[in-house]
Amino acid sequence: MHRRSRRTLQVAAATALLVTAATACNAAAKNDASTSASGGSGKSFTLVTPDAVGQNEFLKLAVTGVKAAAKQHDGSQKVYESTDTASQQQNVQAAVEAKPDVIVLVGFEFADLVAQQAKAHPKQQFLMIDACTTKTYRNVSCAVFREHEGVYLAGAEAGLLSKSGKVGAVDVLDTPQFRRYSDPFAAGAKKVAAKTQTSTRFVGGQSPFDDSARAKEQANSLLSKGYDQIMAAAAAGNYGVFEAAKAKSAFAYGVDVNQCPSSPGTVVDNVIKRTDVAVQKGIDAVLGGKAGTTVSYGLKEGGISLTGLESGVDSSKCVIADHKDVLKKVEALRDQIVAGKLKVDDPAAS
């Protein structure tokens, strides 16, 4: 959920919330191109982002993935950064006209555009990250994530660390897709502490993905009732959740990238979504003749993890770094999930 602190959405209703008034310019609003060394394979990859990359760690990981793929295949890569609906459309068109070997797009915003272009250009290969088209196309590959597995582990940390026995979540919207960030959190907490009380508050409103004030209000409503561990799944509103938790000496959990540096001593851990892994492996699959498929990345594939389970935890500024005993128990749960011995229910499963 980090991109606007990234939200994992393939839902039409969510799309409507995010559509911005189109502006006339900004085609290929910003691009960063690098070319292959002479004698290279000539393979070319184009990444189109739904927003400007800037300091957005989630999108920076996608850029890292496409650059790694270019290096691995001795090819070239180009990045088109969008800023609004109009530039998303224009950047996709520009990418198609350039005819690279693979066009990589991050986010559900591109689902309809990719469907149109895939049908019109059947020889062009597309790789969608964190979303997919409704209809299956031979030239559209998709990489999606099992976020609920990582959220479950974060919930287990919360259950083990909670002093009040109350664990909550601030979620963007009350939909199955978004409940992937709250229901498993509660389930994980109850797995390790059966008597844990759980509750979820939803941001909602006119701008649920960018409303830090409303997110903070929802967090405060939980904190006032004694909840001391809160999953922050409020997109850009996460920072409001962190502020509320810090003021009450409570703790919170981030998503998609390491958000601990934004609030050291308050953010316990983060559910990490490795877009770089999905991009690089997705491109490998397309070039290897396995196009037109959807691959799900979870704990087993290395697409989902926790900051606390990564090698750099000691320098992460995350609270969990001081709780090695908790991490050992969470690692055991992770291994059970990876081995298929423990199943985490997916709220979005039909």
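This is a predicted model: local features need pLDDT of at least 70, side-chain atom pairs count only at pLDDT 80 or more; totals for chains, interfaces and linings use all residues.
H5 covers residues 147-161, and H6 covers residues 183-192. Two packed helices are described by the angle between their axes and the distance between the axes. Here the axes come within 6 Å and cross at roughly 45 degrees.

Which residues in H5 and H6 meet? On the H5 side they include His148, Val151, Tyr152, Gly155 and Leu160. On the H6 side they include Pro184, Phe185, Gly188, Lys191 and Val192. Alanines take part on both sides: Ala154, Ala156 and Ala158 are among those in H5, while Ala187 and Ala189 are among those in H6.

## The nonpolar cores

In soluble globular proteins, nonpolar side chains tend to be buried together. The largest nonpolar core in this model has 77 residues. Those with the most contacts inside this core are Ile129, Leu153, Val170, Val241 and Ile283.

What does valine 241 touch, leaving aside residues up to four places away in sequence? Its partners are Val170, Ala215, Lys216, Ala219, Ile230, Ala232, Ala234 and Ala252.

The model has two disulfides. One of them joins cysteine 132 to cysteine 142, with an S to S distance of 2.1 Å. The link is right-handed, with 70 degrees about the S-S bond. Cysteine 132 sits in the loop between strand S5 (125-129) and strand S6 (140-145). Cysteine 142 sits in strand S6, ten residues apart from its partner.

Cysteine 142 has 3%, so it counts as buried. The cut-off for buried is under 20%.

Cysteine 260 and cysteine 318 form a disulfide, with their sulfur atoms 2.0 Å apart. The torsion about the S-S bond is about 100 degrees, so this disulfide is right-handed. Cysteine 260 lies in the loop between strand S10 (251-256) and strand S11 (267-273). Cysteine 318 lies in the loop between strand S13 (304-306) and helix H10 (324-338). The pair therefore ties together parts that are 58 residues apart in sequence.

Both cysteine 260 and cysteine 318 are buried. With the bonded cysteines numbered in sequence order, the pairing reads 1-2, 3-4.

Key. Residues are numbered from 1 along each chain as its sequence is written. Side-chain values use heavy atoms; hydrogens and water are left out. A disulfide is a pair of cysteine sulfur atoms within 2.5 Å. Helices (H or I, at least four residues) and strands (E, at least two) are DSSP runs, numbered from the N terminus. Buried means under 20% relative accessible area, exposed over 50%, partly exposed in between (1.4 Å probe, protein chains only). A nonpolar core is a set of buried Ala, Val, Leu, Ile, Met, Phe, Trp, Tyr and Cys residues joined through side-chain atoms within 4.5 Å. Contact means heavy atoms within 4.5 Å. Axes are lines fitted to C-alpha atoms, for helices over the stretch in contact, and angles run from 0 to 180 degrees between N-to-C directions.
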